Each structure stands twice: as structure tokens, then as C-alpha cells.
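This briefing concerns the structure shown below, which is a predicted model.

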Amino acid sequence: MSEVRDVIELDASIGAARPSNAALQARRQQAVARGVATMLPLFAERARNAEVWDVEGNRYVDFASGIAVLNTGHLHPKVTAAVSEQLSRFSHTCFQVMPYESYVRLAERLNALVPGPSAKKTMLVSTDAEAIENAIKIARAHTRRPGVLAFSGGFHGRTMMGMAVTGKVAPYKIGFGPFPGEVYHAPFPVAYHGVSVEASIAAIETIFRADIEPARVAAMVVEPVQGEGGFYLAPPAFLQQLRRICDSHGIVLVIDEVQTGFGRTGRMLAIEHSGVEPDLVTMAKSLAGGFPLSAVTGKAEIMDAAEPGGLGGTYAGSPLGCAAALAVLDTIEREGLCARADVIGGMIKDRLNVLARTPELRQCIGDVRGLGAMVAMELVEAGDPDRPAASLTKELVLLCARRGLLVLACGTRGNVIRFLVPLTAGDAIVEEGLSILAQALTDLVAG
Ligand code: PLP
């Protein structure tokens, strides 16, 4: 206790308005639970578009976007104006008590946006994991079945069902079980690691023989590009086969677009690349440009399976989130951010491919991949896909931050650098960030 007071006093002596990162980190360690990990001991002061400043005034190019939340950048003027306007009228009534038009308008927009000819309906909640919880509730209500099939490496959140569906134990599931039952995982197809589409589909058939008959499976949950799992792209043929399996067994196909959504992959939703009509889609993160909002949109007959009162929540579909989301959708359309994602992704991939051909880095950049601006490089030792360079990846993230670039790692083996550049970033700042990354990696490997 006295230690905490000392640090606060130390802060005050430095100057009340400007505590140091170190002082705040010390207070954070005393006050915040260990389980809430942070990547960097840096505290944000302000941010704008693709730049963030910490409390000491240091500037960072932001290639993290608060984990895929800021496709429209920090504080896009249209988004802040829409939220301010909403805030001047009311911040909360609870949609289930006294509804508001922006929720309905956003539902109409999302219904029109999810591909496929079937009529669609939407429900809104607040967090990404909640969207997954609700998609599974709806699928169970519709099918009257218990089972859920998901994929290794998939990430779907930290709630009980979110964890159950997630296909990555450390750190997400350790110490938190037992999880809801009847959830099974098949391997996700990753050509770089020798898992073909055929092997993944065969594993699903094995689960249907060994663990649960398909007539008891309510939902299949899949990311069109795995996010936390390592930015592995589901081949269109794989998603088309999942569609066929779900159709032949009456299983609800849930596409988790939480990380891939809203222009990130060059389309509004990544599932558009495959031509598959989803049954349900979960969306969040860049949907509302930094305001907590998530959605489940899907075929109307499935969405209507839940009894009135079975879905919702006090803050579900907050008016501030709805105002932000409507402005985000307008901005993506007006500023052509889907096309911009392809340009930014092309710039990143070109630079990474050049790096991967240099004599110093040829053995360590094992793979460069991406869809639109959802790009990643996988770091390995001696060019071997089975020797993940997790320590190098961690060191690279830290060195980049020291040199003014925020970039994230991911992957079940912790050896993937992922790029989540705001789609509103200009060419100069993208090049600036890439130069910091290239120099940092070269210094770590060669130096
Ligand atoms: N689904 C996907 C694909 C995600 O990437 C995430 C978060 O990164 C989630 C669900 C869960 O999000 P949250 O932890 O914000 O609830």
C-alpha cells in the first residue's frame, strides 16, 4: 500500500499533468490484476489517425490499430462528430426499454452488407466475445442441438463459450475450465504447416464418426482469416466445403468477421472473397471505430429462433456505438477504404518480400501472406517452418516500439508479426513504419 502511495507521490513530484511511463507502470502493477497483460509499458496520452503519443510525448506510428479496431483511424472526424452529436441528445435508454432509430438503421445497413440472397436480421451487443456467445445461442435455439465445431488456432474471446470455441490453450484457457461441453476442434488448413484443405475436411468427418454425430451439431464457427491464430487464410475452396457440409447436415455456419471485417481484407467482409453465404456473421472491432459495439447478422429465419427477451443486454447496441458505426460505414464507402486496403497491403507485402530475399533475412522470414491489408510475416529459424522464432518476434515488437512503431505479434507459436495499419493512413506513414520494422529486424538478426 505504502509502495503505491510512494509511486503516486513520485508521479506528483515529476509534474502532476505528465506522469512517466515507468511511474504509471509501477502503479499499474500494484493496482491491476496480473491476468490483464499488456504488450508494452507505455501509456497513451493522445492519438490521431495512424499516430499515437505516450505520456512522455513520444510519438508512435500505429500499425496495431488497438487490435484491428481502427480501420478508420484514431478519432476520425466523421466518427467523433457523429458520437458528439449523439452525446448531445442522450447516451443511454437501453434499447429494450425505449428503442432508438440508429439501432434500427444500423441493423438495416448490416443486413444489406452481409452477402447472399436470404433476408437478414441483426442483433447488437457490446463486445466481440458476446457476439460469439449470441451466435451460438441463436444456432442452438434454431437447431435445438447442442454441438459446436470450431478450429484449432481460432480465437473467439474470453467468455466461457468464447474460450471453449477458441482453439488455443495458452494463455486463454489455462486455469479457467471446465468449459461448456460438446465443443470440438478440427485442424485449420495451413499449407505452410502442411495441413491441406483435404486433411482439415477429413478431420471434420473423423469428428463426426468419433465424437459427435452431425445431427447433434448446432454450429460450425470459423474465421475467414485467422486473427490471433496467425493470419492464416482460409482458402475459398475450404469455406465452400464447410458450406456444403453445413447444408447437408442442417448445421448453422457462423463466420467470425470480428478481426477481418470492415474493409480490412479489401472487401467489406472477408467472406465475400469466397462467394459463400453465411448463416450468421459476428462483427465487432472496426465496426464502430473504437466504441464498444458488436453485432450478429444472419438469415432472418435463424435470427428469429430466439424467444423475445432471450437476446440483448443493458448496454447492448449503445446509441453511441450505433452513431459511431453508421459514421464508420459511411466513411469506408466515401473514402474508398476497401480499395485502399489493397494498396496498403500491396505496399507491406512488397516491402516484406524484398526483405525476405535479402541474404541476412532469407532464413528468418519464413512466410509472407495476406488478404488486402491483413498481412503477416512468419519468423522462423534456419528457414524451417517447424522452428518458430518466438523470441525474435518478441524482441522485434519491443525494438520497434523503442524506435517509434507499434506492431503486434500473433500466432499459436508466437512467431508471427501482423500488420493492422489504419486504412486511412497515408503512404508516407506506411513507409515510415515499414522502414522502422525493416531496420529493427535487420539489426536484431545481423547485429
Ligand atoms: N473473435 C475474433 C476473430 C477476435 O479476433 C477476437 C478478439 O481479438 C474475438 C472474437 C474476441 O474479442 P473480445 O476479446 O474483444 O471480446
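P178 is located in the loop that connects α7 and β6, and a cis peptide bond with omega of about 0° links G177 to P178. P171 also lies in the loop between α7 (160-165) and β6, and a cis peptide bond joins A170 to P171, again with omega of about 0°. The model that shows these bonds is a predicted one.

**Residues with positive phi**

- F262 is not a glycine, yet its phi is positive, at about 60°.
- F262 sits in the loop between β8 and β9, and the relative accessible area of F262 is 0%, so this residue is classed as buried.
- A382, likewise not a glycine, has a positive phi of about 50°; its place is the loop between β12 and β13 (384-388).

**The seven-stranded sheet**

- An open sheet of 7 strands has the order β4-β10-β9-β8-β7-β5-β6, and its pairing is mixed.
- The edges are taken by β4 (120-125) and β6 (183-186); each has a single partner strand, so one side of each is without a neighbour in the sheet.
- On average, and with direction ignored, neighbouring strands of this sheet are turned by 20° against each other.
- Strand β9 runs antiparallel to β10, to which 4 bridges join it; here V281 is opposite T297 in β10.
- On its other pairing, β9 runs parallel to β8, with 3 bridges between the two strands, and V254 stands opposite L280 in β9.
- In which directions do the residues L280, V281, T282 and M283 point from β9? L280 and T282 point one way, whereas V281 and M283 point the other way, and all of them are buried.
- This arrangement can be read against a general rule: side chains in a regular strand alternate between the two faces of the sheet.

- Helix α5 (residues 101-113) lies across β4, β9 (280-283) and β10, and runs at about 130° to β4.
- Helix α9 (residues 236-249) lies across β5 (147-151), β7 (217-222), β8 (252-256) and β10. The angle of α9 to β7 is about 170°.

**The second largest pocket**

- The second largest pocket holds about 440 Å³ of space.
- Its lining has 19 residues, of which F95, Y103, T122, M123 and L311 are the closest to the centre of the pocket.
- Two elements, α5 and β4, each give two or more residues to this lining; β4 gives the most, with 4 residues.
- By class, the lining of the second largest pocket has 11 nonpolar, 5 polar and 3 charged residues.

**The four-stranded sheet**

- A further open sheet consists of 4 strands in the order β1-β2-β3-β14, with mixed pairing.
- Its edge strands are β1 (44-48) and β14 (405-406), each of which pairs on one side only.
- Strands β1 and β2 (residues 51-54) run antiparallel and are joined by 4 bridges; A44 stands opposite D54 in β2.
- Helix α14 (residues 427-446) lies across β2, β3 (59-62) and β14, at about 100° to β3.

- Strand β11 (residues 365-371) is mostly covered, with 5 of its 7 residues buried.
- β11 pairs with β12 (residues 374-381) in the antiparallel sense over 6 bridges, and G370 stands opposite V375 in β12.
- The two strands β11 and β12 form a hairpin with 2 residues between them. In the turn, G372 has a positive phi of about 60°.

**A buried arginine**

- R28 is part of helix α2 (residues 21-31).
- Why does R28 count as buried? Its relative accessibility is 16%, and buried means under 20% relative accessible area.
- With residues up to four places away in sequence left out, R28 touches A33, V36, A37, T38 and F43.

Key
Residues numbered from 1 in each chain as written. Predicted model: local features only at pLDDT ≥ 70, side-chain atom pairs only at ≥ 80, totals over all residues. Heavy atoms only, no water. Pairing = 2+ DSSP bridges. Contact = heavy atoms within 4.5 Å. Axes fitted to C-alpha atoms, helices over the stretch in contact; angles between N-to-C directions. Buried < 20%, exposed > 50% of the residue type's maximum accessible area, 1.4 Å probe, protein only. 1 Å grid on protein atoms, 1.4 Å probe; cavity = no way out; pocket = protein on both sides within 12 Å on 5 of 7 lines; lining within 4 Å. Points joined across faces, edges and corners; volume = space filled by probe spheres on them. Nonpolar A, V, L, I, M, F, W, Y, C, P; charged D, E, K, R; others polar.
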